[in-house]
Structure formats: C-alpha cells, structure tokens
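I am opening a notebook on a structure that is new to me.

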Amino acid sequence: MNAMKYAIAASLLATAPLAAAQQLSIATGGTGGVYYPLGGGLAEMINNHLEGASAVAEVTGASVENMGLVWRGDSDIAFALADTVYQAYNGTGDFEGRQLDNIRALASVYPNAVQLVTLADSGVESLEDLRGKRVSVGAPGSGTELNARALLEANGITYDDFTPQRLNFNETADAIRDGDIDAGFWSVGPPTSSILNLATTRDIRLIGLSDEEIANAREVEPVFAAYDLRAGMYDGMDEAVQTISIPNVLAVSSEMDDELAYQITKLLFENTDELIAVHPAANDTTVEFSIDSTPVPFHDGALRYYEEIGAEVQDHQRP
C-alpha cells in the first residue's frame with residue numbers, strides 16, 4: 001500500500017463512527033462533589049461529538065465503589081482517586097486479596113490538592129507550627145483526612161501533637177472564620193467554594209510545603225505529586241503556594257473497545273474548554289498532567305492517542 005493510500009485509509013479509520021450504538025455509564029460520586037458535574041460534562045461531550053455512543057453520569061459512593069463497578073462491567077467509565085485506582089490495580093490497601101487487574105486509565109483529569117488554610121495573622125506558617133494547635137483534618141474517613149494524616153505522619157507529626165477536629169469543608173471554613181480552630185485541611189480540586197467564601201470575609205493564608213516535606217510524603221504515598229496552587233486563586237494569595245496533590249483518574253476496563261477508548265481520550269483533550277465551562281477543576285485537564293500523574297497503565301486506545309500526539313508515556317503506564 002503506498003503512503004498516500006495508507007494516509008487516506010488511516011484518516012477514514014480515525015473518523016469512522018463506532019461499530020455499534022453504545023450506551024455508556026459514567027460512575028461519579030455524590031451530587032455535591034466535583035465528580036458528578038464533570039461526569040455530566042463528559043457525558044454531554046460524548047452525546048454531542050461521538051457518533052454511535054451516548055452516555056449518562058450516575059451518582060455513586062465514589063472511588064472505592066467505582067472500581068468495583070468498572071471491574072464488573074456495571075459502569076464503563078469511572079472517576080476515582082489515584083491512590084484507590086493504584087490499590088485496585090495492585091491488590092493492596094482497600095483491595096488486599098481482590099486485585100482488579102483489568103483496571104486501565106484513559107487519563108488523569110485534575111488533582112485533589114491538599115490545601116492547608118489559616119488566618120493571615122495566626123502565626124501558623126508551616127506544618128511544624130501546627131504542634132499544639134487546633135486543626136481540622138477533614139471529615140472522618142474522608143480523602144482529606146487520609147491525605148492529611150499521611151502528610152503529617154510522614155513529617156513526624158501525629159494526632160497527639162495537636163488537637164484534631166474532624167470537620168467537613170464548610171464546617172472547617174466556619175470554624176476558621178469564627179476562631180474556633182487555628183488551621184484546617186482540604187483535599188479537593190482547587191479552587192474550592194468553601195475557601196473562596198472564607199477568603200471574602202477573612203484575610204487567609206495558604207501554608208506551603210517544603211521540597212523535603214513533599215519528598216517525605218511521596219515516600220509514604222507514591223501517588224502524591226507536587227502541585228502549585230497558582231497566585232490569585234483565592235483573595236489575598238499574592239504568590240503561588242507549593243503543596244501536594246492526588247490525581248483523579250478516569251478509569252475503564254481493559255475490555256473497553258480500543259476505538260472507543262481512543263475517541264473518548266481524544267475528545268477529552270481536544271474539547272477541554274467544554275469541561276472547564278462545567279467546573280474550573282478541568283483547567284488541569286491536560287496531557288502533561290495526565291502523563292505526569294497517572295499511576296496505572298493506560299488503556300491501549302488511550303495509549304494510541306498519547307503516542308499519536310508525541311507524548312512521552314512512562315514505562316509503568318504501558319499495559
């Protein structure tokens with residue numbers, strides 16, 4: 001086949017509609033989080049742009065439940081935190097003894113950034129300054145609490161060193177505003193509404209992490225990645241603040257049709273503005289973030305897209 005014929009055949013293949021009409025289920029989380037609106041946005045993109053496929057976002061119990069839904073084939077695509085995806089794929093942590101080795105990634109879509117907030121005049125300027133203070137570590141058993149505990153313990157600080165309060169995001173913001181606590185943790189896609197609201201009524205400071213503190217955290221939890229909260233994200237934030245983040249992964253089964261996986265990945269990165277219009281967390285939905293952050297192998301179809309655009313995929317991201 002000469003090069004011209006090959007190019008024409010390849011271009012026809014790239015735009016061919018999917019073989020059979022497919023109804024896709026996207027597993028998200030609760031209606032109050034970021035997964036649900038982004039899942040709805042992705043479903044709408046698939047409905048509008050992918051011939052032969054339609055999709056609907058489903059409310060679920062989020063990361064851990066979503067892995068089971070994809071593994072069993074009850075959902076086609078799922079949002080999940082990278083540490084959960086990593087554990088499911090490797091059969092560790094929550095998935096000890098029940099490895100879900102058919103889990104693959106299409107992309108990492110945005111990070112949950114660990115955001116440590118205090119009032120500007122509190123005198124708390126580092127992790128070490130939390131000793132002896134009243135600190136919200138997030139709702140009991142939440143991703144925020146797991147991340148806060150891992151970060152603190154990796155840096156030699158335990159719950160015995162301060163007074164922990166287990167408050168959700170809105171309660172944490174209210175308690176900082178009212179002076180009931182000295183600082184609070186959030187682990188969520190930035191910017192987050194409860195911190196935005198707090199920053200309009202009080203002068204706040206976000207506490208940065210040193211390179212060493214980040215390295216210590218990554219040793220304990222390999223899916224942690226360094227992340228800069230950009231200047232101006234919240235009122236009074238004059239410069240970027242370095243922290244850690246946990247990627248949120250778009251997971252599928254290895255059984256997903258290669259062409260479908262390719263088309264969804266392509267759609268995600270070539271129509272990202274449609275997702276940003278739904279939620280600002282999608283500002284981080286980039287090929288670079290995906291390649292830097294995804295802790296498990298990509299689906300073969302997604303891999304084809306990354307290689308087509310010249311992205312440098314890491315060894316552990318190949319099936």
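Entry 1, a helix pair. I started with the contact between helix 3 and helix 4. Ser63, Val64 and Met67 of helix 3 meet Thr84, Val85 and Ala88 of helix 4. I sorted these contact residues by type: four are nonpolar, two are polar and none is charged. I note that this is a predicted model.

Next I looked up the geometry. Helix 3 covers residues 63-72 and helix 4 covers residues 82-90. Their axes come within 9 Å and cross at roughly 45°. Helix 3 is therefore oblique to helix 4. I also checked the hand of this crossing, and it is right-handed.

I turned to helix 2, residues 35-49, and its crossing with helix 9. At what angle do the axes cross? I found roughly 110°, with the axes coming within 11 Å. Angles of 65 to 115 degrees count as roughly perpendicular, so helix 2 is roughly perpendicular to helix 9.

Then I listed who meets whom. From helix 2 come Leu42, Met45, Ile46 and His49. From helix 9 come Ile264, Leu267 and Leu268. In this contact I have six nonpolar residues, one polar and no charged.

Which residues of helix 12 are buried? In this helix, residues 300-308, I noted Gly301, Ala302, Leu303, Tyr305 and Tyr306. I then asked what these buried residues pack against. The partners are strand 4 (103-119), helix 9 (258-270) and helix 11. Just after helix 12 I stopped at Gly310, which takes a positive phi of about 85°.

Where does Thr285 sit? I found Thr285 in the loop between helix 10 (272-276) and helix 11 (287-293). Buried or exposed? The relative accessible area of Thr285 is 4%. The cut-off for buried is under 20%, so Thr285 counts as buried.

I looked for a polar partner of the Thr285 side chain. A polar atom of that side chain lies 2.6 Å from the backbone oxygen of Val109. Leaving out residues up to four places away in sequence, Thr285 touches Val109, Leu268, Phe269 and Thr272.

Terms used:
Residues numbered from 1 in each chain as written. Predicted model: local features only at pLDDT ≥ 70, side-chain atom pairs only at ≥ 80, totals over all residues. Heavy atoms only, no water. Helix = DSSP H or I, 4+ residues; strand = E, 2+ residues; numbered from the N terminus. Buried < 20%, exposed > 50% of the residue type's maximum accessible area, 1.4 Å probe, protein only. Polar contact = N/O pair within 3.5 Å; in protein donor to acceptor, adjacent residues only side chain to side chain. Contact = heavy atoms within 4.5 Å. Axes fitted to C-alpha atoms, helices over the stretch in contact; angles between N-to-C directions. Parallel < 35°, antiparallel > 145°, perpendicular 65-115°, else oblique. Left-handed = near helix turned anticlockwise from the far one by under 90°. Nonpolar A, V, L, I, M, F, W, Y, C, P; charged D, E, K, R; others polar.
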